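Welcome! Here is a short tour for someone meeting this structure for the first time.

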Amino acid sequence: MTVDDSGSGAGTPSDIESVEDGAGGEDPLALRLEGLILGAERRYTPFQAARSAGVSMELASRFWRAMGFADIGQAKALTEADVLALRRLAGLVEAGLLSEAMAVQVARSTGQTTARLAEWQIDSFLEGLTEPPEPGMTRTEVTYPLMELLLPELEEFLVYVWRRQLAAATGRVVQAADDEEMVDRRLAVGFADLVGFTRLTRRMEEEELGELVEAFETTAADLVAANGGRLIKTLGDEVLYAADDSGIAAEIALRLIETMANDETMPEVRVGMAFGTVTTRMGDVFGTTVNLASRLTSIAPRDAVLVDGAFAEELQRAGEAPVSEAEAAALAEKEGEDAPSYRFALQPMWQRPVRGLGVIEPWLLTRRPL
């Protein structure tokens, strides 16, 4: 379907017929918006798109599903852009730059990330902006011109942020000590969790709960980024982050506790952290280290940070925390030698069995007074 400059959506008879054939009674505004956003008209069935791209129907279906889209049978709903995307992915495989399995992973990771972004933009951004600005105006009269103005700006910003993130991630990879570290790396991993969130869900209205979760995620994301960590994912009442350096991870954890404690509208927070080998896949992290950090979070006191023994050793090795307060005091009293300046203090806690991980000895992490 073609859209004229006036926004009336008029097209040739063949254009309109092709849309009506594949639309199945879809809303006219939805079709006009689709045409505006995709920048192309519906021309192909999935079989025709696969054939035009020069790929098998089976591979085209794998790519399509990996990107997060439902099967559409043989409706004429695909565009020239869909054909080009299939051709590019298949071309990377044919050139030997990607294996077929890796190409599917590329499609899946991109689809999952952008799906969440698109949902957020519609739910939290466009929903509010498309409220009619003047009495008598309909949402239909507002949405199309607004999207027409926003689309190029949002697209350019998305590409800019993606390039920035790609540059940062590439820099971390090339600095890895060896090839194995590119996938299995030693990282500090932390979980921050809102205490009593389940009880809050029963007491608060949905809108209030949504605002609280958004405030928590926004604050956590800002603190993680500002202090040199990487936000891995948010899970409503919990955030997962990682850092290459134990000192950075510790600073983030304590700043989270301190910042939330100063906000009367927020519940208490607890943080669990572990240090060790982590497997990274599609932007996520997996392995025993991640599981241990999660378990430590579940047993951490309110407004407190628990770390595992490996994390404590890493802080001590880096000179960020003393092996013991007695050692720190002895060094401070030693004549002719300045006492080390430690940022953090570690207190061993009780040993306890943790399901699936055996017996562990958590350490309570605090900020050491200057």
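## Overall make-up

The protein has 13 helices and ten strands; helices (H or I, at least four residues) and strands (E, at least two) are DSSP runs, numbered from the N terminus. This is a predicted model, in which local features need pLDDT of at least 70, side-chain atom pairs count only at pLDDT 80 or more, and totals for chains, interfaces and linings use all residues. Residues are numbered from 1 along each chain as its sequence is written, and side-chain values use heavy atoms, with hydrogens and water left out.

Of the 370 residues, 36% count as buried. Here buried means under 20% relative accessible area, exposed over 50%, and partly exposed in between (1.4 Å probe, protein chains only). Among contacts (heavy atoms within 4.5 Å) with a separation of 6 or more, 63% join residues 24 or more positions apart.

## Helix α4 and what follows

Let's look at helix α4, which spans residues 57-66. Its buried residues are L59, A60, S61, F63, W64 and A66. Just after α4 comes G68, with a positive phi of about 100°.

## Helix α9

E206 has its place in helix α9 (residues 206-226). Is E206 buried or exposed? E206 counts as exposed because its relative accessibility is 73%.

## A loop residue

D303 sits in the loop between α11 (288-299) and β6 (305-307). Its phi is near 50°, a positive value in a residue other than glycine. D303 counts as partly exposed, because its relative accessibility is 33%.
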